[in-house]
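Please look over the structure shown here before reading on. A short briefing follows, grouped by topic.

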Amino acid sequence: MKRSFLAAYWEKVGGGSFIVSLVIHAGLLIMAFFVVKEYQQEPTVDFLPGFQAAGQKRTSDNLTAKIHDSRVRNMQKNLKPVRVAVPTPAPGQLLLPEMPTDVIEVPEPSLSTFGDAKGIPGELGKVGTKAGGAGRGTGPGNAPGVVQLPVSMRGRCSSAERLRKLTAGGGTAECERAVSSALEHLKSKQKSDGGWGTNNRGAMTGFALLCFLDRCETPESIYYGDNVMKGILFLMEMQQKNPYKMFSQATSGNGQVYEHGIATYALGEMYTLARMGSKSLPGMRESFEQGVQVIIDNQQAGGGWVYDSEKGFYSPSREDLSVTGWQYQALKAAKLTGLKIRGLEGAIDKTVKYLESKQTKDGGIGTTNREGSYNQWNLTGAGTLGLQTLAHGGKKTEIKKAIAFAHDLFKKEPPEFATGDMYGWYYYHQAFFQHGGEEWKYWNELVLPQLLKAQQPDGSWKPNGGAHNPAAGGDNVYSTALCTLMLEVYYRYLKVGDRERGSLFDR
């Protein structure tokens with residue numbers, strides 16, 4: 001049979017073998033494509049079909065969590081050796097290094113300002129090129145090149161750690177929801193000038209800031225950063241206008257000294273937390289240091305403080321345990337910053353002696369006339385907290401006696417929110433918490449449900465019928481702040497009993 005011209009030509013050029021070769025090579029290429037694709041494709045575990053069985057979903061959820069945890073650990077591990085160049089700040093400028101607080105998910109987070117082994121507490125220095133880092137850093141300088149938040153304050157800056165401490169301390173997740181609601185309320189009450197309240201605005205602004213800062217809401221916070229920043233600037237401007245450099249708008253009366261202590265306390269908290277971000281706060285350090293120096297320079301020989309109503313300033317005569325409570329908290333905040341402030345150590349020692357001198361034979365701290373002012377029924381909590389936080393563990397007998405007095409008091413007269421003294425409760429809540437044991441358990445189980453129940457739908461607390469003018473300041477800022485600070489007690493500071501040292505100070 002005669003073949004066609006095309007068939008003969010195809011055979012001549014080797015068409016049969018070419019087709020076979022082409023088919024083989026095409027097959028190999030296709031196989032190689034799928035093999036490579038299989039090796040390159042990363043497994044995904046976050047797609048959960050609607051018909052997935054419960055067991056499959058749990059397995060997938062566990063795998064997702066493990067991968068997430070691994071990523072977090074790797075991120076934290078990779079952060080540690082990083083060295084960042086710190087720009088030289090202008091005189092009096094506090095620079096907050098970059099680190100969003102949401103990424104800090106460890107109980108004792110190492111923050112992101114690094115320097116050499118000679119880190120100077122509270123200072124930002126010149127950029128350097130030493131092998132140890134980029135120069136000087138903020139912080140205690142207790143670890144080569146790494147700055148850390150004081151141990152006693154680290155629990156507040158991790159949502160996971162806050163919830164853990166809530167559970168361990170006798171709180172609930174509902175406490176955190178209540179705090180969030182309260183912060184929203186306080187945010188809504190901030191004035192256009194950055195302050196809070198309608199009177200005694202230095203104190204009200206300080207109270208509001210403490211509520212935000214005690215939940216680690218700083219100028220870097222997504223939701224509250226602007227509120228915190230504006231509040232700080234309001235206090236700084238107020239101080240500059242005051243003839244005594246106090247955080248008050250008033251020029252007479254007894255409120256200015258209270259305001260000054262509360263506002264200084266808040267700025268001290270801010271300074272310590274400042275190392276967590278990247279915002280610049282020019283002049284804040286000077287403002288805070290000046291505020292602390294006013295307190296130190298006007299401490300009485302006996303160790304306390306009091307006001308002069310006519311001058312609107314401190315008085316060298318009389319003494320006032322209530323005023324002293326706020327001044328010593330400002331000193332505590334100053335100590336935790338690590339700044340070198342003239343006379344600070346001596347002022348703390350004098351305060352401890354003053355508080356000890358106010359203890360009665362009953363164990364309470366304050367006067368023994370219940371109908372009078374500054375009595376031990378209202379202020380034993382304030383005195384006890386001062387000894388717990390300032391005395392470096394050297395007053396265990398005095399503290400034990402004071403706690404016994406307070407516990408016995410509230411066993412006989414169980415605390416009731418409707419008639420309770422929120423001012424006194426604020427201190428008792430912290431003192432019992434610091435002490436722990438059955439005394440704290442008894443107090444917490446009675447007071448916590450009342451605090452949660454009394455919160456209003458808008459997140460505030462209305463003033464109750466107790467003493468110390470709970471309606472002070474206006475806008476329910478005072479009563480709301482005191483209750484919020486009580487609900488934050490579980491993670492504001494590490495308990496003294498959980499520390500190797502006998503106070504909140506990291507020595």
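This is a predicted model: local features need pLDDT of at least 70, side-chain atom pairs count only at pLDDT 80 or more; totals for chains, interfaces and linings use all residues.

A disulfide is a pair of cysteine sulfur atoms within 2.5 Å. Residues are numbered from 1 along each chain as its sequence is written, and side-chain values use heavy atoms, with hydrogens and water left out.

**The chain as a whole**

- The chain holds 17 helices and six strands. Helices (H or I, at least four residues) and strands (E, at least two) are DSSP runs, numbered from the N terminus.
- Of the 507 residues in the chain, 52% are buried. Buried means under 20% relative accessible area, exposed over 50%, and partly exposed in between (1.4 Å probe, protein chains only).
- Contact means heavy atoms within 4.5 Å. Among contacts between residues at least 6 apart in sequence, 68% join residues at least 24 apart.

**The disulfide and other cysteines**

- C157 and C216 form the disulfide, with an S to S distance of 1.9 Å.
- The torsion about their S-S bond is about 75 degrees, so the disulfide is right-handed.
- C157 sits in the loop between β3 (146-148) and α4 (159-169), and C216 in the loop between α6 (201-213) and α7 (225-241), so the bond ties together parts 59 residues apart in sequence.
- C157 is buried, at 3% relative accessible area. C216 is buried too, at 3%.
- C211 is buried, with 0% relative accessibility.
- C175 also counts as buried, at 0% relative accessibility.

- The expected span of a helix is 1.5 Å times one less than its number of residues. For the 13 residues of α6 that gives 18 Å, and its end C-alpha atoms are 18 Å apart, which agrees.
- In α6, 13 of the 13 residues are buried, so the helix is largely enclosed by the rest of the structure.
- α6 packs against α7 at an angle of about 150 degrees, with axes 10 Å apart. Axes are lines fitted to C-alpha atoms, for helices over the stretch in contact, and angles run from 0 to 180 degrees between N-to-C directions.
- The two helices α6 and α7 are therefore roughly antiparallel. Angles under 35 degrees count as roughly parallel, over 145 as roughly antiparallel, 65 to 115 as roughly perpendicular and the rest as oblique.
- The crossing of α6 and α7 is left-handed, meaning that the near helix is turned anticlockwise from the far one by less than a right angle (clockwise would be right-handed).
- On the α6 side, the contact is made by R201, G202, T205, L209, F212 and L213. On the α7 side, V228, G231, I232, F234, L235 and M238 take part.

**S315 and helix α10**

- S315 lies in the loop between β6 (313-314) and α10 (321-337). This serine, S315, is buried, with 6% relative accessible area.
- Apart from neighbours within four places in sequence, S315 is in contact with Q300, V306, Y307 and D308.
- α10 packs against α14 (residues 422-435) at about 50 degrees, with axes 12 Å apart. The pair α10 and α14 is therefore oblique.
- α10 passes α14 in a left-handed crossing.
- S322, G325, W326, Y328 and Q329 of α10 meet Y423, Y426, Y427 and Q430 of α14.
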